[in-house]
Amino acid sequence: MKVMSLAGDFDLVGREQWMDLVTKVLKGAHFDKALTHTTYDGIQIQPLYTGADHAGDDSLPGQFPFTRGSDAVGGVWQVRQAHSRATGNSAVLEDLAGGVDAIELHIYDETSLAELQELLIGVPVTVPIMLAPGSEVAISPLCELWESWGVPKEDTAGGFGMNPRDPQVGEVVTKTLSLGCESLLVATVNAAALADQGATEAQELAGSLADGVAYLRHCEQADVDLAVAAGKLEFRYTAGVDQFLTIAKLRAARRLWARVAQACGLGPVAQRQHVVTAGTIMTRRDPWVNMIRTTVACFAAAVGGANSVSVSPFDAAIGVPDPLGLRIARNTQLLLREESHIGQVIDPAGGSYYVESLTDALVTVAWGLFQEISAGASLDERITLARSARAKDIATRKLPLTGISEFPDLAEETLTRLPWAEQGSQVSSQAATSQLPQVSHHRLAACFEALRDAADESTNATGQRPQVFLASLGPLAVHNVRSTFATNFLAAGGIGVMASEGFASAELAAQAWADSGSSLAVVCASDAMYQDHAATTVSALKAAGCRHVLLAGRPDDRWGADGYIYLGCDVLAVLQDIHKRLS
């Protein structure tokens, strides 16, 4: 009996043989158009990667250039959750009792020792307290709080979250060192703020390097040893729903910063990374899907080697998270860390030809962009272009948003939460809009949610949801595909439909429309039925007084419709136009 040796008994297959098989399957279709896609940084993602796609990196975790991890131990990351006056003391204590390791405070207006004591009463003195970027106003009260708690200077844990470009940052580093606060972080490179504006992965990386270099320069001017100064710096990145891009970005960030440190003569310096779930991915509609989004993001952050992670509550985009939102947020991390044991393997993505190649590509693009920024190029302009490109993909649903532009549920129960702006005393309007931790003002779903809001306002005012008549032709089996497509298409804008089993003739469809009271209609049928009935149906609807007739299908002048809805069209523009016509 022959004993198989698995791979040894199979013929070696190279890329050429694979391409021969792919070519047969594509049947003439263009390879790149069918099987590849390009990121917003211009990096082409291939369907297959081999060892030839990776330049090779023999370094180990904890070794320069730290691609595989900032240390050789790795594993357990710090669970750090965000809080403010809005969430309150009880939520802070509940998080700590539930397994959270550190607290991040978002305080953007003047505060006092008494206010901090009220927010943090009952918090063990050993818990690290980190101030979020922009919360520098709380530095003095926080130091007073630690002193009132009797925390020895050498045991203070947390950080100030200072802007690395603040000219005073070097002096603060000097002071913390003179006081013996060895473990206290001083500044935070807030690359997450760039991502919230719409930056690509490479732009986020390049911007973080620029801020990191500015920090080192301020420290150098304050006569701080740069190797010591580097240990007082934390980098804040985002984790999105593309897990591979997130993993590669964090790996690339460590390699890039190691290169900067080397150029500054610092020797091997590992980057400390704090990762937050991207604020842009959060939605107000169908917010339950946010749990899936943040789980994927948290997983990617952990696999990518983050030192600490903050997960946004699923309802944070609506308002102040309730206890359920806060509990799910912290348990997302704890389940991944304590039950799934994601952290027990250092750099689990290492060795993946895809991840290694993507890491290499991000390093190359980000380094080139960093050099351009250093030479005076505008990062803001590039971010604006990237945001516009992404907005176009959202509008056409090339970048689909589950529960928003795809599979919207008009019957969903709307969640209500206390507005962030109404929380706390003496909160200015500008500060109030910033009190929402880790949720971007440039959320991807905002454009579609604005239409849903407008539709709801109309429904509340009139007692009836805005509706469009579906002029479906033929039996259900003939028009079902397109009538279902049209129904979901319109629902993305909060618009309902007047549907039917189907009409046997153009005249019957036109009469039903006239009886419906709607001012718009969408013709739905199969391609075969369109050949004989599309033009006559459109004509009949217009003759009956329909002001705007759309047709579900590719544009074709033969049908005479006023517009067309189809896969790849500008869904947002069509829905905005329909809203105007229905108002």
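This is a predicted model: local features need pLDDT of at least 70, side-chain atom pairs count only at pLDDT 80 or more; totals for chains, interfaces and linings use all residues.
Helix α10 spans residues 243-263 and helix α13 spans residues 353-374. The two helices pack with their axes 8 Å apart, at an angle of about 50°. That angle makes α10 oblique to α13, since angles of 65 to 115 degrees would count as roughly perpendicular and those under 35 degrees as roughly parallel. The crossing of α10 past α13 is right-handed.

On the α10 side, the contact is formed by Phe244, Leu245, Ile247, Ala248, Lys249, Arg251, Ala252, Arg255, Leu256, Arg259 and Val260.

The structure holds zero disulfides. For cysteine 181, the closest cysteine sulfur belongs to cysteine 143 and lies 7.3 Å away, which is too far for a bond, because a disulfide requires two cysteine sulfur atoms within 2.5 Å. Cysteine 181 has a relative accessible area of 6% and is therefore buried, the cut-off for that class being under 20%.

Cysteine 219 likewise takes part in no disulfide. The cysteine sulfur nearest to that of cysteine 219 is in cysteine 264, at a distance of 11 Å. With a relative accessibility of 0%, cysteine 219 also counts as buried.

How values were computed
Residues are numbered from 1 along each chain as its sequence is written. Side-chain values use heavy atoms; hydrogens and water are left out. Axes are lines fitted to C-alpha atoms, for helices over the stretch in contact, and angles run from 0 to 180 degrees between N-to-C directions. Helices (H or I, at least four residues) and strands (E, at least two) are DSSP runs, numbered from the N terminus. Angles under 35 degrees count as roughly parallel, over 145 as roughly antiparallel, 65 to 115 as roughly perpendicular and the rest as oblique. A crossing is left-handed if the near helix is turned anticlockwise from the far one by less than a right angle, and right-handed if clockwise. Contact means heavy atoms within 4.5 Å. Buried means under 20% relative accessible area, exposed over 50%, partly exposed in between (1.4 Å probe, protein chains only).
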